[in-house]
Each structure stands twice: as structure tokens, then as C-alpha cells.
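Here are my notes for your review. Please read them with the model open beside you.

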Amino acid sequence: MSPALLPKHVAAVVKYQRNALKALEMFNAVKKEDGFKHSLLTYKCMIEKLGFHGEFEAMENVLLEMRLNVDNSLLEGVYIGCMRNYGRKQKVQEAIDMFERMDFYNCEPTVLSYNAIMNILVEYGYFNQAHKVYMRMRDKGIVPDVYTFTIRMKSFCLTKRPDAALRLLRNMPLQGCEINAVAYCTVVGGFFEENHHIVAYELFDEMLRLGISPNITAFNKLIHILCKKGEVQESEKLLNKVMKRGVSPNLFTVNIFFQGLRRKGALNEAVSLLNSVTREGFKPDVVTYNTLICGLCKSAKVAEAEIFLHKMVNEGLEPDGFTYNTVIDGYCKLSMIQNADKILNDAIFKGFVPDEFTYCSLINGLCQDGETDRAVAVFNEALGKGLKPNIIMYNTLIKGLSLQGLILQALQLMNEMSENGCSPNIWTYNIVINGLCKMGCVSDANNMLNDAIAEGYLPDIFTFNTLIDGYCKQLKMENAIEILNQMWSYGVTPDVITYNSVLNGLCKTSKSEDVIETFKAMTEKGCIPNVITYNILVESLCKARKVNEALNLLEEIEKKGLAPDIVSFGTLIHGFCNNGDLDGAYQLFRRMEQGYKVCHTTAIYNIMINAFSEKLKINMVEKLFHEMGENGCVPNSYTYRVMIDGFCKTGKVDSGYDFLLEKVEKGFIPSLTTFGRVINCLCVENKVHNAVGLIHLMVGKGIVPEVVNTIFESDKKDVAAPKIVVEDLLKKGHITYYAYDLLHAGVRDKKLLKKLQSR
């Protein structure tokens, strides 16, 4: 006689069966066994298994059957389990429905059920609804417990009200509830989240003084709040305190610290921590290595990340899809496609199946490298391997093609999407519209917008901003403003980027009054300007020669909590210079560094040097030139040209000539304009030998027309090159006919040539 099949046997099989639907088959099959009847235990196990694996339809069917066979008043634990499983899968409404059905099926909810549904509502941000559930519970006379109050405190903390959470914590003993570590840690976490560190530390110390030590789970949740903000040192302080109370960190604690160090960008510390915890007996898991590898790849240290990939394999850990995809994506972003291919082939050999993320990374990397044909081949390979194309893959390839200017191919691919069962979205249209605008085909981009609207896709802020920017760059301001007005009718509010594009376009078309009017309209509609907005206003006012008004904007910028930047000062200084107010320009030039702590740049020095050079104040020019070198601002070709022009204009031709030779010796290659300026001045002062010397210097440095390089016989080249250079300088208008006549003879003067060669 075979032993009787008991409910506890069935419950054990259900519990340990990995496949929920196979467990259900067995569950249904045993009903046919003689004398066997499912109990509350077997139903509960089966429902929990199905809910955990997301098989909710099957779960509801078993629940329906259970109601017919088990006393409904005993089912609260089952309902709570169902609610939590719905919550885990973000099915909040289904969890609410489950809670509401309890009364109907004669299962009176207790505080446990109310806690379960309130916690789900709070987790997903339904704070008002959670409060209503709490009030309903109180109306029914159900006494809240410590978990109820903790959920309420969590709600307050998530809505940035840690003070309210603290008041509730203080009130708990009056409600007959003993405060536990979870309640304390919840409130402490709320204060840390809002950067009220002093209060948080005081409250944490108070908890420890009262002899309340958090378990490691509650503590991990607390330090997770700090570490996700990169505040690892604060987490370490708390860890040291609880370790003295006998709380031991676990691997989850270590992984939280790794995530904190990654967010902070402290990758060297993360590597040191890995070595340290390994010595202390912790065995890092896949999550540990993935966190470190992800951080290294985001910091472009992909080769180092690959070393840790191999290290985790050597330690017996199996990298998952995230590991391989992170390293592959890292190499693709660095345009190191061969390395990415090597990692991918190795991963496939070990059983990894490339997914959409893998292919998107490869497609993106190849398109960045301009290898669009290979990118298309990879896309087709993915389809050939049975990977169902989705919107992300299509958009990645369409974006890559558009950025390379292959708009026709992008449009063709967009048309093929529907045939493969994948419809474009507004982002697809945005990519193509952006590509068309970058090519200057703004009218075509506008037509594409109309096509999207006709297909039922609502444009977003990016769509409108792209088009407005395109029209503004072409100075078609009427079209840009028409699009701006159109935004409101689609429920899209223009942002600061929108208005900055329009303001910049109006500024470029010298419509300063329209700039001010548009700025006023922007602020009236609640759009907050940024420093770029103010820089455009400054430029517009300076163009209208209202420099003092522009200068007053510096105060307004600061009042708005913004800081004027190098563009603000550069534009203003340039405005003063154009107005001929060199004193005003120089005062602001000094103020920007002393008063505003904005460092001078080469561009700012160039503006000042050019302004003083135009006014023939060569002493100031020389002073500023030497100062910029002392301040670490490296002169560029424009600086040298302006300096040489200044010397020549003020009659210091020898200084200009010496300056030119000195800079050429240091590797500076002047423009033909600069050479021409010095040569003309030398010829005027009848210093033809120096002028001819510059012609030979140009030949020696290879500053010659392309035709010179077609002369292969060196003797002929030496004779012909200077003549060709002189002809070219005249042809391009860099020297005068007077200088040309002198040089024409000078480069043929053999005595002069010998004299130059002997120097």
C-alpha cells in the first residue's frame, strides 16, 4: 500500500519547482488522487508561486477556486501575498482591486492588509491615495502599528517633508507603539535625502544611545540613500558606528559602497575597496564587478574594465549580459570596434546571446566611425539571427545614417519599418528632422513635421526646437516665429532653448527692439532665462551701440543667481572697443578678473590688443602681449598678426620685422596677409634686402603656391620658387605694385642672394 499523499508534500513540490506553470500542472493533476483535497497551505503556495513569476491570470483562477473550497475569513495572508506580487510588477491598480475585493468575499482586512496596500501606493508615488487608505483604516477603528507609522513616515520623506516624519516618530510612543530601528532609519534617510546632515546624524546617534541597533537590511537602505548621491564618506562614518554595536556588513553593503564610489567617480578607491574586501573574506559577486566595470567604462577606462571582466571569469563568476554589453558599448563609444568585436566573439563562444543593446552599441560605434555600410550589415545580421527589430534598433541606425548626411537612406529605412511590424515614433521623426536641418534642408524638415502630425504623432519640444533653430540659422525669422506660435496649439510650452534660438536669430538680423520684446514675452510666460539668454541680450545691445545698457545687465544676471561668463565679458569688451571707448573696455577687462573672478583668455587679450593696435597705442599692445604670456594665455596666429600690424602701422617696421622672424623661429607660421604687410612696409622704407629675405624665408618654410611643389629639379626650383611667391602675393592682393617691382628685381639680384645666404 502506497503512503498517502499529504498537502505538505504537494506544497513542498510547488515551492521547489522553478517553473510556475509546471508546478500548476502538478497542482491540478493531484486533484485526481483518491482521497486528496487541496488545503489552505497548498493553495497559498501555488498562488504565491504564480504571483511571484507574474502568471497573474493563472493566479486569479486558482484564487477563485480556493474561495470555493476554503473558509474565506482565513485568506488574508493570501490576499496580502497577491497584493505584494502585483506591486512588485508595478501593477498598482490590480493590487488595489485585490484589496477592495477582500470585504466582498467576507475576508475582513486587518492592519496587515492596510499596511500592504499603503506601502505599495507609497512606493509608486500615490501619496494622496495612501493617506486616504490610512484615514479609512482609522475610521474603521483599526489601530495602526509600528509598520503603519513607518510607511507614513516614508511617505513624508519621499514628499520632502522629513520634519513631518520626525514629528510622527516622536508621537509614536503616545500612540502605544514602540519605535524600532526601521522607523528611525526611515526618518534619518529622509533628512539625508534633503541634505540636512546635522539633524540626520543627531537622530542616528540618538537611536544608538537608546540601544536601538538597526539590522543590516535597514542599515543598507539608509546608506543606499547616501551612496546614490556619492556621499561615501558619510556612509563610512555610519558603518563604523553600527559595527561597534555588533552589526556586520554583508556583500549587499559592500555593493552599495561600490555604487557610491562609482557615482562619485572615485574609481581608484573602488579598486582599492575590491582588493580590501577580498582580503577580509568577502567574495565579490557579479553585481560587484558589474558596478566597477560600468564605472570604468563611463570614465572611458574600457581597457581596465576588460581586465576586471577577465578577473571575474578567473574567479569562477559568470559574466551576464550587462557585463558584456557594458564593455562592448564602452569600446564602441571610443570607436574601438575591433576590441568590441573581440569581446563579443569571446562572449558568444561562452554562450552569450547578443541582444538589441549589443547590436545598438555596434551600430552606433560604426556610424560614429563613418562605417555606415558595416552598420547596416550588423543591423541585417541581427534580423537574420531572428532578433525581432524594435524601435530602439531602428532609431539607432536612422540616427547614425542621418548624422552622416545619408538622409535618403534614413528615410528608406524609416519606410521599411512598417513592413517589419515596427512603427516609427516621434523620436524617429525627430532624428530625421534634425538631420535635414543640419544639412540646411529646413523646409523639407518642416514637411516631415507635417507628415508626422498627419500620421497621428504629436511633436514634442525637441521637434519644435530643432526646426526653430534651423530657421534661425538661416535667418528666416518669420518662419521661426510661426513655429514658435504653433507650439502652443500642440500643448508644448517653449523652453529656454526655444527662446534662445529665436533671440539669437533676431540678434543676428540686428533687430534689437524685437530681441527685447521677445525677451519680455519669454519672462512673462514664465520661462526663466539662463546666462546664454543674457549673453544674447548683451550682444544685441552692443550691436545697437547701447553698451552702457548692456553693462547694466551684469547686475541683473547676478540678481537672478547666475554668473556672467567669459562670453558675457568678451561681448561687452568688444562692444566698448567698437564704440571707441578703450578706457571703458580696459576697466571692464580688469574688473572681470578682480571683481568677478573670471579668468582672461587668449580671445579676450586679442580683443584688447587689436583695439589698442587700431588706436596706434603700441606701448599698451606690447604690455598686454607680455602680460598674456605671464598669465598662461598662449598667443595664436591672430595675436601675432595684430602685433605685427600694430608695429607696421606705427612705423616700427624693424620691430615688426624682428618680431616676425622671432616667431617664425619658434614655429609660428604667419599668414600671407601678415607677410605681405611686413614686406610692403620694408619696401616703402627701401629695405629691399630684408623684404627679399622674407620671400626666401617663405620658400624655406614651404609657404609657397602648390605649383612650386610640381618642380622636381632642385636647381630650377631654387630659382623659380621666389619669383612664383612674389607673383602669387601680388595676384592675391597681399603686396602693392611698388613692392612687386622692387621684389621682382630683388629676387633676381645674385649679389643680394649671396649676401642673404652668407648671413
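The points below run from confidence and overall form to a few single residues.

1. Basis. This is a predicted model, in which local features need pLDDT of at least 70, side-chain atom pairs count only at pLDDT 80 or more, and totals for chains, interfaces and linings use all residues. Residues are numbered from 1 along each chain as its sequence is written, and side-chain values use heavy atoms, with hydrogens and water left out.

2. Confidence. pLDDT is the predictor's confidence in each residue, from 0 to 100. The protein averages 87, and 98% of the residues score at least 70. Helix H7 (residues 111-123) has the highest confidence, at 94. Helix H43 (residues 750-758) has the lowest, at a mean of 56. Where pLDDT is low, the predicted coordinates should not be read in detail.

3. Fold content. There are 43 helices and zero strands. Both are DSSP runs numbered from the N terminus: helices are H or I with at least four residues, strands E with at least two.

4. Overall form. The radius of gyration is 37 Å, whereas a compact globule of 759 residues would have one near 27 Å. That radius is taken over C-alpha atoms, and the globule rule is 2.2 Å times the number of residues to the power 0.38. The C-alpha trace spans about 130 × 65 × 60 Å along its principal axes.

5. Burial. Of the 759 residues, 48% count as buried. Buried means under 20% relative accessible area, exposed over 50%, and partly exposed in between (1.4 Å probe, protein chains only).

6. Positive phi. Most residues other than glycine have a negative phi. Asparagine 195 has a positive value, near 65 degrees. Asparagine 195 sits in the loop between helix H11 (181-193) and helix H12 (197-209), and is partly exposed at 49% relative accessible area. Leucine 475 also has a positive phi, about 60 degrees. Its loop runs between helix H27 (461-473) and helix H28 (477-489). Leucine 475 is partly exposed too, at 42%.

7. Glutamate 108. Which loop holds glutamate 108? The one between helix H6 (92-104) and H7. Glutamate 108 counts as exposed, because its relative accessibility is 51%. Leaving aside neighbours within four places in sequence, glutamate 108 is in contact (heavy atoms within 4.5 Å) with Glu76 and Asp103. Isoleucine 483 is 375 residues apart from glutamate 108 along the chain, and their C-alpha atoms are separated by 59 Å.
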